[in-house]
Structure formats: C-alpha cells, structure tokens
Amino acid sequence: MADTGRYKGAVNKNKDPSGLLISVIRTLSSSDDVQDRETEKGRLEEAFETCDRDLDELIVQHYAELTTAIRTYQSITERITSSRNKIKQVKENLLSCKMLLHCKRDELRKLWIEGVEHKHVLQLLDEIESIKQVPQRLEAYMASKHYLHATDMLVSAVDSLDGDLVQVEGLSDLRLELHSKKLNIHLVLIDELHRHLYIKSTSRLGHKNKDKNAARLPGSLTKDSSPMPVLDMSSLSTPRKLLDTSQFSTPGSGSVQQDGREINQGDLPEVDPEENSAEFMGILIKALAKLKKIPETIKAIMDRLEPELKQIVKRSTTQIADHAYQRGESLQESQPRQLLELLELLFDKFKAVAQAHNVVLSHLQHIAMQCPRGAQEESIKLYDQADVSAKIQAVLQESLLQ
C-alpha cells in the first residue's frame, strides 16, 4: 500500500505519464537483482489494480454524468459531421452554378443586349407616335395663337426627325412637311408682330379727339352728337393673312384639326394670349429666336416700317373723313379742322407705334445679350428708336406736303 501511494504521489507530482515510465525503467535497469525486479513489478501491478478499482468506483459513482457527457459528445460529433457534409454539398452546388453561369454567359449577355435594344425601340416608337400628331397639334396651337408652344413643338419634332429618327424611311413625308412648316412659320410670326406694332397699338385711338374739337368749336355741339368712329382694326391685317392656317395643315385635315384641338385643349392656357400686347410681342420674339430668325425679323421690321406708317396715315385720313361725313360737314367748311384732327390723331398713333417699337427693342436686346459675342456681331444688328423716329418724321413731312 505504501508503494502504491508512492506511485500515486509520483504521478501527482509528475503530470507526464512518460516521465514515470522512464523512472521505472531506469530503476529496473539499474538493479542487478532479479528479486528486486520482481518486487518492483509486483508493486507496479498492485498500483495498476488499485487505479482500476478507483476508476471503476468513480465510474459507478458518476455513471449518469458520464452517460450524459458521452451522449452530448456523440450528438455534437454527429452535428459537426452533418454540417461538414452540408458545407461540402454547398461548395459542390456553387461550383456547379459557376460552371453553368460560365457556360450561359454569352447567352445572358445576348439577352441583356436584346432587352436594351427592345427598350430603345419602344422609346422610338413612342416618339414616332408623338411626332405623327405634331401637324394636328401645331394647327391647333396656331389657330389659338399659342405661337411659343407651336414653335417649341415644331423645333423639337424637326430635331428628332433629323437626329434619332433620321434613318426611318417611313417618316420622310412627315419630315418634309415639318421642314416646310418650319421654313414658313416665321413669316406668320413676323406678320403677327407687325399687326401688333401698327394695328393693335393704334386700334383704340381717335375717339378722344371729338371732345377736344368740340371745345374749340361750340357750334359743333349742335351738329355732332356722336363720337369719332373707331375703325374696326380686327378686320385689317398685314399683307399676309395671319389666321390662315392652311399652310400648317395637311390635306383633309379639317376634322383632324378639331380632333387635335380636343386632344390638346387641356394643354392650352385658358387666358387669351393677346390680352397683353406687350407680353404677346415678347412671346413672338422668343418664338422667332427659337427659329433663329431674329436677323430676318429685324430686316422685315425696317423694310416694312415706312409702308406701315403710310398705311396708318391712310386709315387715319379715312377715319377723319368718315367723322366729318357723320357730322354733315362739307369738305371746304371743315378742312382746317379736319387737318388739325388728322394731325392730332397721327401724333397719338405714331406715339403708340413708337412705344410698341420700344417694347420690341427691349425684347430684341435681351435676346441679343444671350447670344455669343461673335454671333451677335455677325448676324444680329439691332435698329434703335432713332430709326423709328426718323421714319415717322419723314412720313409726316411727306403727308403734309401732299
């Protein structure tokens, strides 16, 4: 028992079992006596038997805990093994997917390219469908005098037809039609601008001269009880008929125009675009700028300035003569007074024309400032108020001399 305790103590002191074995081997090899070896062997056997008994007792005492530990270890081992198998399967599946994707890569790229092409084709088809409605919508805009809307739509449609849709052969007729309208629409805008410069600005002048002349000639109160007639300027126009939209319609578009108006009625503002003449002339200048027709507009204004002023003189003369006829006056009796009334009326109308030109000049100057410096110097050469005043003086002198 003492030897067993000694061995146990040796084991406790030396945690390494190989060290105890080496010590026993050294002891046996150093001893020359067989009896000592046998004694040492017996001691070892007895120590091992004691350890086996102790181990059996501990197993019996802790059987439940040991069983639970073994089962837990077995469960953990099975779960680890199952997880390893699943990970292995996932790796195999990933490798298989990688190989399949590699094999289908070209096909997937082809399908993606086809999807992009189909999307672009759908966009072009929508654009074509929208452009096909441009002639009818343009006619509706022109008829309602929403010229800036019409110009924006026409310029955008022409740019599209000359850009992304240039290779579409089915749109060749529509392309020619819209190009023709783009070349002619600025003529309508210039005529409309002149109508506001010379007709709209002077359409309400003339009735106030009656009170002035009545104060000078008391006898006229008994002869004339009606004011000077105001000419109906809505029936007058510049050389081109402004409201004639035949050049902006296609053959047989009478009913289509109505459809176009119904389709686009929600897009048009309810306010009359001509309600404010100054703003309307600004809109016309913006539309002409989008068409890049400002130089042609300035040239047309200067070329038609004197003829338009002479037309004002003729209309004013007719207006004064009609007024004298309504009063029942003879030409010889009322000629001095008619001449005075004519001059006063002309002064008022020419003043209104000069103010209208001032509005147009302010819009033209704003457009010119937005242009590049080189383009402004080469193409846009503005006239000034002095040119208008000089023409007015020349027309007045010529009228007085006649």
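These legends walk through several close-up views of a predicted model.

The model is predicted, so local features need pLDDT of at least 70 and side-chain atom pairs count only at pLDDT 80 or more, while totals for chains, interfaces and linings use all residues. Residues are numbered from 1 along each chain as its sequence is written, and side-chain values use heavy atoms, with hydrogens and water left out.

**View 1. Helix α3 meets helix α4.** Helices here (H or I, at least four residues) are DSSP runs, numbered from the N terminus. The axes of α3 (residues 34-61) and α4 (residues 63-132) come within 5 Å and cross at roughly 80 degrees. Axes are lines fitted to C-alpha atoms, for helices over the stretch in contact, and angles run from 0 to 180 degrees between N-to-C directions. Look for I59, V60 and Q61 on the α3 side and Y63, E65 and L66 on the α4 side; contact means heavy atoms within 4.5 Å. By class, the residues in this contact are four nonpolar, one polar and one charged. Ala, Val, Leu, Ile, Met, Phe, Trp, Tyr, Cys and Pro count as nonpolar, Asp, Glu, Lys and Arg as charged, and the others, Gly among them, as polar.

**View 2. T50 within helix α3.** T50 lies in α3 and is buried, with a relative accessible area of 8%. Buried means under 20% relative accessible area, exposed over 50% and partly exposed in between (1.4 Å probe, protein chains only). The T50 side chain reaches the backbone oxygen of E46 at 2.9 Å.

**View 3. Helix α5, mostly covered.** In α5 (residues 134-143), nine of the ten residues are buried. Among them are P135, R137, L138 and Y141. Just after the helix, K145 takes a positive phi of about 65 degrees.

**View 4. Helix α11 from end to end.** At the start of α11, a side-chain oxygen of N276 comes to within 3.1 Å of the backbone nitrogen of A278. The buried residues of α11 are F280, M281, G282, L284, I285, A287 and L288. Just after the helix, K292 takes a positive phi of about 60 degrees.

**View 5. Helix α6 alongside helix α11.** Helix α6 (residues 147-162) and α11 pack at an angle of about 10 degrees, with their axes 9 Å apart. That makes the two helices roughly parallel. Helix α6 brings Y147, L148, T151, D152 and V155 to the contact, and α11 brings F280, I283, L284, K286, A287 and K290. The residues here are seven nonpolar, one polar and three charged.

**View 6. H196 and its partner E274.** H196 lies in helix α7 (residues 172-199) and is buried, with a relative accessible area of 0%. A polar contact of 2.7 Å joins the side chains of H196 and E274. A polar contact is a pair of N or O atoms within 3.5 Å; within protein, one must be able to donate a hydrogen and the other to accept it, and residues adjacent in sequence count only if both atoms are side-chain atoms. Not counting residues up to four places away in sequence, H196 touches S201, E274, S277, F280 and M281.

Technical notes. Parallel < 35°, antiparallel > 145°, perpendicular 65-115°, else oblique.
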